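Welcome! Please take a moment to look over the protein below, and then we will walk through it together.

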Amino acid sequence: MEIEFSILALIKLMNRPHEWHSMSQPLAMAPPRPPIRNLDMDLVRTFVMGVRLGSFLKAAERVGRSQSAVSLQMRRLEEQLGSHLFLREGRKLTLSSDGQTFFVYAERLLDLNDEALEALAPREETGEVRVGIPPDLAETWLPQMLARFIRSHPEVAMEARVDRKSSLLNDIAASRLDIALIWEGVTPETEESGDFVAEVPIIWIGNGNHAQIDAGAVPLVMMGEPCLFRATALDHLARIDRNWRITFTSSSLAGLWAATSAGLGITVRTPLGLPDGLNAINHPLLPYLGNASLRACLAKSPSSAVKRFASILTQTIRESV
């Protein structure tokens, strides 16, 4: 039956040559699909860390690889993207236009990657986490990190409080807080100063008017005592016999920034959360101030949710400073 049907079909086609011609043409081939490309998240993480730290040498130290290995990672990332991410300016690498664009997406990719892993990780955290933070960190990366933790731990109630070190430590001692981030000197004052999180440079900060530094006593805008940054500035000025005068004392970081922006004097802080219009000052008449350490103090008998948040908090800060 099949042969008979084929012969009959052939006879019909012979009687209709236009159909025979159309069937004899080769079939049009569908255009090949471009290969699916996937980004290596380890490469993306190293890229983001290097940009945030401002140094791929520091990033190499953080991830436990050699600088040459990290350089190879960045070349592989550029190959995966098909773009040049960096521009070389002398011995310094800066982000190209494509690199700046990709950095925005890379941060989002990492956030989604980490958030997905946290959301699916087996856990039974409930209860609440009460965290206290210094003002420097309140307007930078911490709100986003809190939101991320809340999304991946919906059963945990979060409470955040912004205050100075003395108040935060009092609240930890009275069990009104579960975690407190505090600024300390590189050598902690007591054994109760918490666990080391990160080390950050202490810098002089001003609005760009260096004339006030060149003549007479250095005009200072400071927080009221007790304050690590105030004590550090005054101590280092005394070491070089440089006169100073307090022109403005503030109880809030916002007041400190406002007075410094207005040119009432210069101040001392870390680079974290530095507002627009204010810059780090490198001046031969001002002493080097060293570093401050950021430490995490936990209340006694922390819950599993508190421990989990402390772990995420420490990792996030170390990748950012």
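Where pLDDT is low, the predicted coordinates should not be read in detail. The protein chain as a whole averages a pLDDT of 80, and 82% of the residues score at least 70.

Residues are numbered from 1 along each chain as its sequence is written, and side-chain values use heavy atoms, with hydrogens and water left out.

## The chain at a glance

The protein chain holds 13 helices and 12 strands. Helices (H or I, at least four residues) and strands (E, at least two) are DSSP runs, numbered from the N terminus. Of the 321 residues in the protein chain, 40% are buried. Buried means under 20% relative accessible area, exposed over 50%, and partly exposed in between (1.4 Å probe, protein chains only).

Among contacts in the protein chain between residues at least 6 apart in sequence, 76% join residues at least 24 apart.

## The sheet and its helices

Now find the open sheet of 5 strands, with the order 4-3-5-12-6 and mixed pairing. The edge strands, strand 4 (156-162) and strand 6 (195-201), each pair on one side only. Two strands pair if DSSP finds at least two bridges between them. From one strand to the next, the twist averages 25°. Strand 3 (residues 127-133) and strand 5 (residues 179-185) run parallel and are joined by 2 bridges. In this part of the sheet, Gly 132 stands opposite Ala 180 in strand 5.

Helix 9 (residues 165-173) packs on the sheet, where it touches strand 3, strand 4, strand 5 and strand 12 (291-298), and its direction makes about 135° with that of strand 5. Helix 11 (residues 228-239) lies across strand 5 and strand 12, running at about 5° to strand 5. For these values, axes are lines fitted to C-alpha atoms, for helices over the stretch in contact, and angles run from 0 to 180 degrees between N-to-C directions.

Which residues of helix 5 are buried? They are Val 70, Gln 73, Met 74, Leu 77 and Glu 78. These residues cover an arc of only 140° around the axis, which puts them on the same side of helix 5. The arc is that of the directions from the helix axis to the C-beta atoms. An α-helix has 3.6 residues a turn, so residues three or four places apart point the same way.

On the other side of helix 5, Ser 68 and Glu 79 are exposed. Just after helix 5, Gly 82 takes a positive phi of about 70°.

## Two loop residues

Thr 270 sits in the loop between strand 10 (267-269) and strand 11 (279-281). Thr 270 is buried, with a relative accessible area of 0%. Leaving aside neighbours within four places in sequence, its contacts include Asp 136, Trp 183 and Phe 229.

Gly 194, in the loop between strand 5 and strand 6, is partly exposed, with a relative accessible area of 23%. Not counting residues up to four places away in sequence, Gly 194 touches Arg 295, Ala 296 and Cys 297.

Conventions
Contact = heavy atoms within 4.5 Å. pLDDT = per-residue confidence, 0-100.
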